[in-house]
Amino acid sequence: MLKEIVEKGFYTFKDSFASWEDAVRGSYEPLQKCKIVDDTYINNVIECVKKYGPYIVIVPGIAMPHSTEGADGCYGTAISFMKVETPVDFDPQDEEKKATLFFSLAAMDHEEHLKNIQALMETLINEDIVEALNQCKTPQELKEIADQFES
């Protein structure tokens, strides 16, 4: 999964964001540039978080922005990666709802959506990968992590 993200250029590195909404928008920049998603989809993700709470923070430190498969404004299937230096706070009342690693999903259909989530979970279950990603600061370091952990 990481190799595909690197090969397609679906990654970005940022210092900080003024709000979690801006962070979600930033996390989708690589997919938006390639016309996989548009503002409609990204706004839908933001509205879902406002409606249902910060469900996209799957574990402390890691966010997985996504909407339902086939949502308006989604034109392909992909995952993008974003690393933020200053943690993004999704809920000031809950210390565990901060994230520095973002894996933003876009999927056209249910099967592809589930495949994306499964691939992501298989990657994130490896604590060494997560630690390496937390230390990662450049595209070259991201490539080295992908090469090291994915054959």
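This report goes from the sheet to the helices, then to the core and a few single residues.

The model is predicted. Keep that in mind throughout.

Now look at the pairs. β4 and β5 run antiparallel, and eight bridges join them. Within this pair, S80 has S104 of β5 as its bridge partner. A78 stands opposite A106, also in β5. β1 and β4 pair in the parallel sense, over four bridges. Here T12 has M82 of β4 as its bridge partner.

Which residues of helix α6 are buried? Helix α6 covers residues 127-135, and I129, V130 and L133 are the buried ones. Seen down the axis, they fall within an arc of 100°, so they line one face of the helix. The spacing has a simple background. An α-helix has 3.6 residues a turn, so residues three or four places apart point the same way.

The face of α6 turned away from the buried side carries exposed residues: E127, D128 and Q135. The buried residues of α6 are covered by several elements, including α1 (2-8), β3 (61-63), β4 (78-89), β5 (98-106), α5 (110-124) and α7 (139-149). The N-terminal end of α6 has a cap, N126. One of its side-chain oxygens lies 2.8 Å from the backbone nitrogen of D128.

Helix α7 can be read in a similar way. In α7, L142, I145 and A146 are buried. They cover an arc of only 100° around the axis, which puts them on the same side of α7. The cover over these buried residues includes α1, β1, β4 and α6.

**The core**

In soluble globular proteins, nonpolar side chains tend to be buried together. The largest nonpolar core of this model has 46 residues. Which of them touch the most other members? They are V24, F90, F102 and F103.

Take F90 as an example. Leaving aside neighbours within four places in sequence, F90 is in contact with W20, V24, P54, I56, V57, A63, K97, A99 and F102.

**Loop residues**

Is S67 buried or exposed? S67 is found in the loop between β3 and β4. S67 has a relative accessible area of 5%, and the cut-off for buried is under 20%, so S67 counts as buried. The side chains of S67 and N44 are joined by a polar contact of 2.7 Å. Beyond four places in sequence, the contacts of S67 are Y41, N44, V45, C48 and H113.

K35 sits in the loop between α3 (29-33) and α4 (39-52). P92 belongs to the loop between β4 and β5. The table sets the accessibility of these loop residues side by side.

| Residue | Relative accessible area | State |
|---|---|---|
| S67 | 5% | buried |
| K35 | 65% | exposed |
| P92 | 67% | exposed |

K35 has another feature. Most residues other than glycine have a negative phi. K35 is not a glycine, yet its phi is positive, at about 60°.

The loop between β4 and β5 also holds E96. Not counting residues up to four places away in sequence, E96 touches V57 and P60.

Two distances give a sense of scale. P92 and D128 are 36 residues apart in sequence and 28 Å apart in space, C-alpha to C-alpha. For E96 and Q32, the separation is 64 residues in sequence and 28 Å in space, again C-alpha to C-alpha.

Terms used: Residues numbered from 1 in each chain as written. Predicted model: local features only at pLDDT ≥ 70, side-chain atom pairs only at ≥ 80, totals over all residues. Heavy atoms only, no water. Buried < 20%, exposed > 50% of the residue type's maximum accessible area, 1.4 Å probe, protein only. Helix = DSSP H or I, 4+ residues; strand = E, 2+ residues; numbered from the N terminus. Arc of directions from axis to C-beta. Contact = heavy atoms within 4.5 Å. Polar contact = N/O pair within 3.5 Å; in protein donor to acceptor, adjacent residues only side chain to side chain. Pairing = 2+ DSSP bridges. Core = buried A, V, L, I, M, F, W, Y, C linked by side-chain atoms within 4.5 Å.
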